[in-house]
Every structure is written in C-alpha cells, then in structure tokens.
Amino acid sequence: MAKKVRQYACLIMAVVVYFLIHEGAHALVALYYGVFESIRFLGVGIQVVVDHEAMTETQIGIFCLVGAVSTLIAGWAFLLMSRTICSFKSAYVRTFGWYVTMVLLILDPLYLSVLYRYVGGGDMNGIQLLVPELAAQITFGALLVINAIAMVVLAYKPYKESFQTA
C-alpha cells in the first residue's frame, strides 16, 4: 500500500511540476510581450490567458512553443541527473525523479504529435504559425521516440537498480 501511495503522490507532484514549468514559461513570455491577462484554472489544468490581438503571429508562435521547449529542457536535465537522483536514500525522491523525468520528456511530444487533434489544438494552433503543422507534428513525434529511447537507455536501469537495492 505504501508503494502505491508513493507512486500516486509522486505522479501528482510530477504533473504539478510540469504545469509550473510549461505554463510558467508561457506566463514569462506573455509578461515579456506585455500581453498577460490572467491565469485560468481548468478542471485538470491551467492556462495562461493573453491578449492575442496585441501579438504578432510570430509572438503567438513563440508563446505557444516556449512551454514545450521548457519542459523538454527540464526533462533532459532530470534525465542527465538520473544517476545522482538514484543515489538518494529516499524512495520518494527517486520515485519523484522517475515520474518527473517521464512526464517532462513524454507529455508535450505526445500531445503535439498526436493528441492535440482531439482536444482543440492548444499550443499547436500557435506553433503552426511558425512552421507547417505536419513538420511540427513529425518533429514532436521524433522527439517522442528519441525521448522514450533515452529514458530506457539512460534512466531505466539506474532507477530499477536503485529500487531493487533499497
């Protein structure tokens, strides 16, 4: 039972970290452009609301792209720290490290390659103002595959071993 509680708690914390990084990046860009209006809380997520009319298409594209870029950079930072995270005695720290790495590396590429079509487009609506939709979709699909392989190659074994020896 304690293992399941730890897993669910760390997964929830990883999703919170994802929203802080992804939406935080949107908020910083909106503040920089002077178009920030509010933060909207939506059932299972949050959304940064901006004045689209005051933005150029390029600014909208950058605003939409920066969330995914930020989560990917943070995800790779966590991935590269896998061995260090696995050296911690706390099972909560190690579980959190695994889930936050997975969420940061997988969620945006999965969403922007496949899932966006089923939930209104979201960030892809702006990203396609910078590059053709198919090019963005293929790029994020490739990132999904690369990130999944990187997780298996760089993180799976250290995390697995850290839980077996604990």
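**Close-up views of a predicted model**

**Figure 1. Overall fold of the chain.** The chain contains six helices and two strands, and the model shown here is a predicted one. Read from the N terminus on, the elements follow the order α-β-β-α-α-α-α-α. The C-alpha trace spans about 55 × 30 × 25 Å along its principal axes, and 40% of the 166 residues of the chain count as buried.

**Figure 2. The largest pocket and its lining.** By residue class, the lining of the largest pocket divides into 14 nonpolar, nine polar and four charged residues.

**Figure 3. The second largest pocket.** The second largest pocket has a computed volume of about 250 Å³, and the residues that line it are Lys3, Arg6, Gln7, Thr95, Trp98, Tyr99, Tyr156, Tyr159, Lys160 and Phe163. H1, H4 and H6 are the elements that give two or more residues to this lining, with H6 giving the most, at four residues. Five of the lining residues of the second largest pocket are nonpolar, two are polar and three are charged.

Figure 4. Leu80, Val145, Ile149, Val152, Val153, Leu154 and Tyr156 together make a nonpolar surface patch of about 700 Å². Helix H6, which covers residues 133–165, gives the most to the nonpolar patch, with six residues.

**Figure 5. Tyr156, in the patch and in a pocket lining.** Tyr156, a residue of helix H6, is one of the residues that make the nonpolar surface patch, and Tyr156 is also among the residues that line the second largest pocket. Tyr156 counts as partly exposed because its relative accessibility is 42%, a value that lies between the limits of under 20% for buried and over 50% for exposed residues. Helix H6 itself gives the most both to the nonpolar patch, with six residues, and to the lining of the second largest pocket, with four residues.

Technical notes: Residues numbered from 1 in each chain as written. Predicted model: local features only at pLDDT ≥ 70, side-chain atom pairs only at ≥ 80, totals over all residues. Heavy atoms only, no water. Patch = residues over 30% accessible without salt bridge, like charges linked within 9 Å, V, L, I, M, F, W, Y side chains within 5 Å. Areas by Shrake-Rupley, 256 points an atom, 1.4 Å probe, with all protein chains shown as cover. Salt bridge = Lys/Arg side-chain N within 4 Å of Asp/Glu carboxyl O. Buried < 20%, exposed > 50% of the residue type's maximum accessible area, 1.4 Å probe, protein only. Nonpolar A, V, L, I, M, F, W, Y, C, P; charged D, E, K, R; others polar. 1 Å grid on protein atoms, 1.4 Å probe; cavity = no way out; pocket = protein on both sides within 12 Å on 5 of 7 lines; lining within 4 Å. Points joined across faces, edges and corners; volume = space filled by probe spheres on them.
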